[in-house]
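Here are my notes on this one, in the order I would go through them with the viewer open.

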Amino acid sequence: MESKTVGIIGGGAWGTGLAQALARGSHKVTIWALEKEVVESINKEHENKKFLPGYKLDESIVCSDDIRAVASDKDFIIIASPSLYLESTIKKIADVPNIQDGTTIIAALTKGFVPSSEGPKLILETIENALPEHYRDCTVYVAGPSHAEEVAMGKVTGLVAASLNPKNSIKVRELLKVPGLLVYSSFDVIGVQICAAAKNVVAVVYGAMDAISETSDIIGDNSESLLMAAGLNEIQTLGFAMGATHAETFTSISGVGDLDVTCKSKYGRNRRFGLDLVKTDMLSKFTDIDDLIANVGKIGYLPEGAIACKYVHEIGLKKNIKLPLTNALYKILNKEYSVQDACNELLNIN
C-alpha cells in the first residue's frame, strides 16, 4: 500500500504504539496530544516518556497540541482519546473541511462506554453522533489483543477492523498491513466494541484474584481459569443483549484473545489495578465509584475497567441480565464489599 497521511487523536500509550507501527509501514503519522510534555518528548527525544517510556519512536512521527491541524488534510484519522473525553474531543474536529466533506476515513481505538442522558453509549455511536451524517455506519472500530508496548516493538499482533461499511473496513485493514500487524475484518461492530470494553472489567477482577492467590491455600491457577471462563460468558451475555450479531466474535481474537492478554499480561493496567486493590490502600482515596471515576487521575494510570464497570453494571440492571463479575467489582469499587468478601462470594467460599 502506498504511503498515507494519518492523524492520531490521542497521545496515550495505544495511540503512540500504533503510530510507531504505522511509521514502520512508511506512513506519515502526526499525533495530537493534550499534554505539552508529551508533544515535546516525542518531537525532541522521539519517545513518549509520559505514556510509553522506554520505546524509541521513528523520527518521522510528529506530535502537536493543535488538534485541528492534526485532523486536517489526512487520509485517515484514528481516534485514541480516552472514553471520558471522547465526545468533547470529536466535536473539536467535526467541522474540519476534510471531515465535513467525508474524504477522510475515521477509525477508533478507544475502549469503554460514554455516559449520556439516555444511558451508556458505545464508542462508534458517540463518534458518529458528533460527526457529519455521511459518517453514519461508516466509521471503523479497531481492537484485539494488542498491548501498546509490543505493538511498538513490532511483535506479531492480531487486530480486528469492524465496520458496517465493508469498503472502509478493508481500507483500514490495508492501512494497518505493516510489519508486525495481522488485521482481519468484521461486520459485528457491537460485539467487537463490547469485547474491548467489558474484558477490562474482568481483568480487574482477575488481577485481584491473582493477588489473593499469592497467600491463599484454596485459590490458584484453576480458580483463575474458572474466573476467566466465567468472564468470557459474561462478556458474551452482555454482547448479545446489546445487539452483537456473531457468536464467533467472542471466540476469536477480539473476544477470548483480548480477554486472555488483558488478564495475564505484565503490561495490563486493569490487571495492575486489580492487584493494587488487594496489595495497596488504593480505595481509601475515594468515597465511592463515582468519586473514583471523577478523580481517576489520582491513581497514576488509567484503569479503563474501573470506569467501564459502572456502565456495564448500569446496562445489566436496565436489561435485567446476570453479570456476577461486574456486580462484584461494582460493589468493591463502591465500597460495599471488601475484595476478599467479593471473591469468596464469586467462588462460593464460606
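1. Start with a helix pair: Val201, Val202, Val204 and Val205 in helix 9 meet Leu325, Thr326 and Leu329 in helix 16, where contact means heavy atoms within 4.5 Å. Helices here (H or I, at least four residues) and strands (E, at least two) are DSSP runs, numbered from the N terminus. Before going on: this is a predicted model, with local features needing pLDDT of at least 70 and side-chain atom pairs counting only at pLDDT 80 or more, while totals for chains, interfaces and linings use all residues. Residues are numbered from 1 along each chain as its sequence is written, and side-chain values use heavy atoms, with hydrogens and water left out.

2. Two packed helices are described by the angle between their axes and the distance between the axes. For helix 9 and helix 16 that is about 65° and 10 Å, with axes as lines fitted to C-alpha atoms, for helices over the stretch in contact, and angles running from 0 to 180 degrees between N-to-C directions. The crossing is left-handed, that is, the near helix is turned anticlockwise from the far one by less than a right angle.

3. Which residues have the most contacts inside the largest nonpolar core? They are Phe113, Phe273, Leu277 and Leu333, in a core of 53 residues. A nonpolar core is a set of buried Ala, Val, Leu, Ile, Met, Phe, Trp, Tyr and Cys residues joined through side-chain atoms within 4.5 Å; buried means under 20% relative accessible area (1.4 Å probe, protein chains only). Helix 9 gives the most to this core, with 13 residues.

4. A second, separate core has 34 residues, including Ala23, Ile61, Val151 and Val183.

5. Val339 also turns up among the buried residues of helix 17, along with Ala342, Cys343 and Asn344. Their cover includes helix 9, helix 13 and helix 16. After helix 17 comes Asn348, with a positive phi near 55°.

6. Now the sheet: eight strands, open, in the order 3-2-1-4-5-6-7-8 with mixed pairing, where two strands pair if DSSP finds at least two bridges between them. Strand 3 (62-64) and strand 8 (181-186) are the edges, each pairing on one side only. Neighbouring strands are turned by 25° against each other on average, direction ignored.

7. Strand 6 (residues 140-143) has all its residues buried, with Val140 and Val142 pointing one way and Tyr141 and Ala143 the other. It runs parallel to strand 5 (residues 105-108), joined by two bridges: Val140 partners Ala107 and Tyr141 partners Ala108. With strand 7 (residues 157-162) the pairing is antiparallel over three bridges, and Ala143 stands opposite Val160.

8. Strand 5, helix 6 (residues 123-130) and strand 6 form a right-handed β-α-β unit; with the strands pointing away from the viewer, the path from the first strand over the helix to the second runs clockwise. Why is helix 6 largely enclosed by the rest of the structure? Because six of its eight residues are buried: Ile123, Leu124, Thr126, Ile127, Glu128 and Ala130. Among the elements covering them are strand 4 (76-79), helix 4 (86-91) and helix 9.

How values were computed. Buried means under 20% relative accessible area, exposed over 50%, partly exposed in between (1.4 Å probe, protein chains only).
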